[in-house]
Amino acid sequence: MLARAFLGAQESRSLSYQSIWGSGGDFDTGVTAGVPITEDNALTISSVYACIRLYVDSISTLTADTFLRVDGDRRVYRPRPAWVDEPEPGISRADFYAQGLLSLLIDGNWFTRIVRNGNRDVVALFVLNPRMTEIRRNIFGQIEYVYNNEKIYSSSEIV
């Protein structure tokens with residue numbers, strides 16, 4: 001850059017956007033280690049495990065609260081619903097978020113089942129195993145979630 005400014009020299013770059021993305025995708029995607037990496041064995045690699053643990057532990061312990069918008073202003077919502085502090089009965093909020101984040105990072109999906117009472121208020125949240133959850137459309141074209149090949153949830157029951 002300085003040479004171009006002072007000497008008028010032309011700048012040339014060894015890599016350009018076109019040489020990478022416009023090349024038609026001729027990158028080698030083969031495994032050179034000899035062992036294919038899957039979701040199951042990725043956590044056995046210490047650097048992968050350390051990165052995921054750092055990310056999950058950092059995010060899952062952040063504070064959470066409830067807010068309400070009134071005329072464009074954000075106001076704290078009280079009383080805070082019990083599911084904010086304990087989404088799944090018997091499991092801490094940090095562990096709940098850790099389960100979901102791990103599902104998201106390893107499998108690419110995070111499915112949370114919403115449990116409601118008779119008044120349609122949220123009373124609990126459960127993280128579902130993404131490997132046991134299938135997304136499909138029913139005969140009416142609506143999205144539904146099939147868990148463990150038996151339990152079917154509507155889109156209003158899953159986040």
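**Notes on the predicted model**

1. Strand E1 (residues 67-70) and strand E2 (residues 73-76) run antiparallel and are joined by four bridges. Strands here are DSSP runs of E with at least two residues, helices are runs of H or I with at least four, and both are numbered from the N terminus; two strands pair if DSSP finds at least two bridges between them. Phe67 has Val76 in E2 as its bridge partner. The hairpin of E1 and E2 has two residues between the strands, and Asp71 takes a positive phi there, near 55 degrees.

2. A word on the basis of all this. The model is predicted, so local features need pLDDT of at least 70 and side-chain atom pairs count only at pLDDT 80 or more, while totals for chains, interfaces and linings use all residues. Residues are numbered from 1 along each chain as its sequence is written, and side-chain values use heavy atoms, with hydrogens and water left out.

3. On the overall layout: the chain has six helices and seven strands. Reading from the N terminus, the order is α-α-α-α-β-β-α-α-β-β-β-β-β.

4. Now the helix pair. H4 (residues 46-60) packs against H6 (residues 93-107) with the axes 9 Å apart and an angle of about 140 degrees. Axes are lines fitted to C-alpha atoms, for helices over the stretch in contact, and angles run from 0 to 180 degrees between N-to-C directions. That angle makes H4 oblique to H6 (under 35 degrees is roughly parallel, over 145 roughly antiparallel, 65 to 115 roughly perpendicular, and the rest oblique).

5. Who makes that contact (heavy atoms within 4.5 Å)? H4 brings Ile52, Tyr55, Val56, Ile59 and Ser60, and H6 brings Arg93, Ala94, Tyr97, Ala98, Leu101, Leu102, Leu105 and Ile106.

6. Then there is an open sheet of three strands, ordered E5-E6-E7 with antiparallel pairing. E5 (133-137) and E7 (151-154) are at the edges with a single partner strand each, so one side of each has no neighbour in the sheet. From one strand to the next, the twist averages 30 degrees. E6 (residues 143-147) pairs with E7 over four bridges, in the antiparallel sense, and Glu144 stands opposite Ser154 in E7.

7. Two figures for the whole chain. Of its 159 residues, 19% count as buried (under 20% relative accessible area; exposed is over 50%, partly exposed in between, with a 1.4 Å probe and protein chains only). Among contacts between residues at least 6 apart in sequence, 38% join residues at least 24 apart.

Note on methods
Contact = heavy atoms within 4.5 Å.
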